[in-house]
Amino acid sequence: MLSFIEQIMDTKKEIFLKLQQDILLWQGFKPQATGKAERVGLGEIEQAFPGGVFPKRAIHEFITVLPEDAAASDGFIAGLLAILMQDGAACVWVSTSRRLFPASLSTFNVEAERIIFMDVKTEKDVLWITEEALKCEGLAAVVAELNNLSLIESRRLQLAVEESGVTGFILRKDASKAATTVATARWKISPMLTENEEGMPGLGFPRWRVDLLKVRNGNPGSWVMEWAGECFEEVKNVSKADDGSVWSEREDRQIG
Amino acid sequence: MQRRFVSIWFRQLLADWQLIHRPELAEVPFVFAAPDHGRMMINAVSPLAAISGVESGMRAADAKAICPGLEVLDDKPGRPRNLLRGLGEWCVRYSPIVAIDEFGMDGLLLDVSGCAHLWGGERGYLKEIVSRLKGKGYTVRVAIADTPGAAWAISRFGKVTPLIPIGGHPEALLDLVPEALRLERPVLAKLRKLGFYHIKSFISMPRSVLRRRFGEDFLLRLAQALGTEDEILIPLQVPVPFQERLPCLEPIKTRTGIEIAITRMLENLCKRMQSEGKGLRTGVLTGYRIDGKVVQVTIGTNGATHSISHLFKLFQLKIDQIRPALGIELFVLDAPKVDDVEVPQEQMWTAKPGLDDQSLIRLLDRVAGKVGSEVIHRYLPAKRYWPERAVLQARSVTEKPASNWRAEKPRPTELLKRPDPIEVMALIPDHPPKFFIYKGVRHQVIKADGPERIEREWWLDTGEHRDYYQVEDDQGGRYWLFRSGHYGGEQQYQWFIHGFFA
């Protein structure tokens, strides 16, 4: 009797899975070929995406209002770029007011000499270059710092991405304007207090609250992530920040 | 610019050439002879044979009677021209314009305007030419003057100096024989008959009289020697530019028309460049409008290419700048800068993507064409600690870094272009701030690392060192702060914010 119920449950599960996949197909979502389903090192977060795979052929939008958020988003994207640029491909970084410091990217295992920066004067040029770059199959990713992105413009970018398979990252400074875009995912990365091993002074690994505000065909969520030197690591139990100010008073502190 | 010409006269061109190839003939008198009306006529004479009295224009049989043991060699028609062409191509090192002397077929004429200073003046220049040719085995006489005619005359008949100063050639010609003017035999005979043994004896005569007696050709040669008439040298090697022209029957004023014109010209140009293994680096499209105005657009590429579709795309970006007005009747496509193109090997599998990826290079070309090449930056690590100088602009897309990126010291993800001053409360002597105020917002510092002292590069600029701290505020924001200078130093110290950590 029990095994009979189990059997029914199993068939039900199968039907659900099949239905889910069918719905995704009807919604126009093309599943990635299984051979290409690579991890990007985001762990749990990847499960939020349809099929449990980080969509590489997609536009990812990052909302950055404060400069602290922008720095955190830069760090998070750099961590992703390290994986995306693994096979030696280059990346294009388009901006009107770039602050990214190339020398800091080695922290995230990114070879900064493989990033080509384009510092233009107008948003229009940023859009044009972004679209052209997204059509360029030899690239791993394109990062664009944009303030405004209309629905039509984002659609054009999405079409370019679907053609070439280049991952697009859009850093948007203003969250309020033009909230409707066709971006596959909308992220918000905000910095969090770091934590060190018990009793160790100074700052710990960079830690962020990663909010996935919107995912097409996926489940939004919120996680706490850390860049643990070499890779992303999810922080499960976030302790309350202790108030005591700690400063690294190392005995053999070096000057210089 | 003052034009200057060098004439090189090979006195015994064929004999010298034969001696170079067959040195064993040095002890033997020899002549070159060719059949003419059933007899062998001598065309060229070796120095040894000339001593015995053999001259060119003699019959070979007569010459053998004068000079026993004379060796008669077969002459081939056109041999002097071939020899001169070879020598002329060698002489291109001295001047780009080298021409064969068509009158005597025994010398070269060089347009050396603006070339002589490269060899330290005209004297050194002539010496170099003579000694190099002598080293090869040719006896030559050279002269330099303002006109090819004068140089020709002085090199063959001059007795004083081969260096004729600027404007001095009419005077130098006065004492020469009429043969120096490159005249035909009947004219020369007539001159001698009339007792004109030197140029000075007839140079001042009225032109109309000279024309009646000796003909138009004589006046032309005289004028060419004096420089009143231009003589055009036909260079041996014509530098063929990469240029395409497209005249249009009807003036073109539509975008489609211009696009067709560009494609048409690119097809021809790229075909030629491909066959020569070249690729375009700079392209200039000039349109001549029917109202007499000229419109021009320029493109540049990051790597030499002869791909029609890519070059067309680059021009397409510029079509908006072409104003056809009433219409363009002539298109000219120039490639002033071309480079050798690297032929990529056919690949069975798609290549590993990288910085030399073709699609990336083309993207850069398009960006440079539309927005400008100055917006494209690439950075390499510099072996310097001062943050503003820690990265180095790469000069090319494929330049490799000389050193590794350093990761041992914390560097902020975002660096401000210039540090912003902040208000700070900090304990002396070297504690990090307790709090700081940046843009009116108070940040309570929770954690900090540092200080890391970075000294100024005193050989470049003067000023205070910086003590950097990495701090974290109660909101989780991470900042890079520094104090410029010592507390209580002679200079006023000041705190700054310089960046944001991820």
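I looked up B:Leu269 and checked its burial. B:Leu269 counts as buried because 22 C-beta neighbours lie inside 10 Å. The cut-offs: buried takes 20 or more other C-beta atoms within 10 Å of a residue's own, exposed 12 or fewer, and partly exposed falls in between, with C-beta atoms placed from the backbone.

The model is predicted; local features need pLDDT of at least 70, side-chain atom pairs count only at pLDDT 80 or more, and totals for chains, interfaces and linings use all residues. I number residues from 1 along each chain as its sequence is written, with chains lettered from A and ligands numbered from 1 in the order in which they are written.

I placed B:Leu269 in helix 11 (residues 255-275) of chain B. Helices (H or I, at least four residues) and strands (E, at least two) are DSSP runs, numbered from the N terminus.

Next, contacts, meaning C-beta atoms, placed from the backbone, within 7 Å. Leaving out residues up to four places away in sequence, I found B:Leu269 touching B:Phe242, B:Glu244, B:Leu333 and B:Ala335. B:Ala335 is 66 residues away along the chain, yet the two C-alpha atoms are 8.7 Å apart.

Then I traced a sheet. Chain B has an open sheet of 4 strands, ordered 8-11-9-10, with antiparallel pairing. Strands pair if DSSP finds at least two bridges between them. Strand 8 (243-252) and strand 10 (294-305) of chain B each have a single partner strand, so one side of each lacks a neighbour in the sheet.

I followed one pair. Strand 9 (residues 278-289) and strand 10 of chain B are antiparallel over 8 bridges. B:Thr282 stands opposite B:Gly300 in strand 10 of chain B.

Conventions. Two residues are in contact if their C-beta atoms, placed from the backbone, lie within 7 Å.
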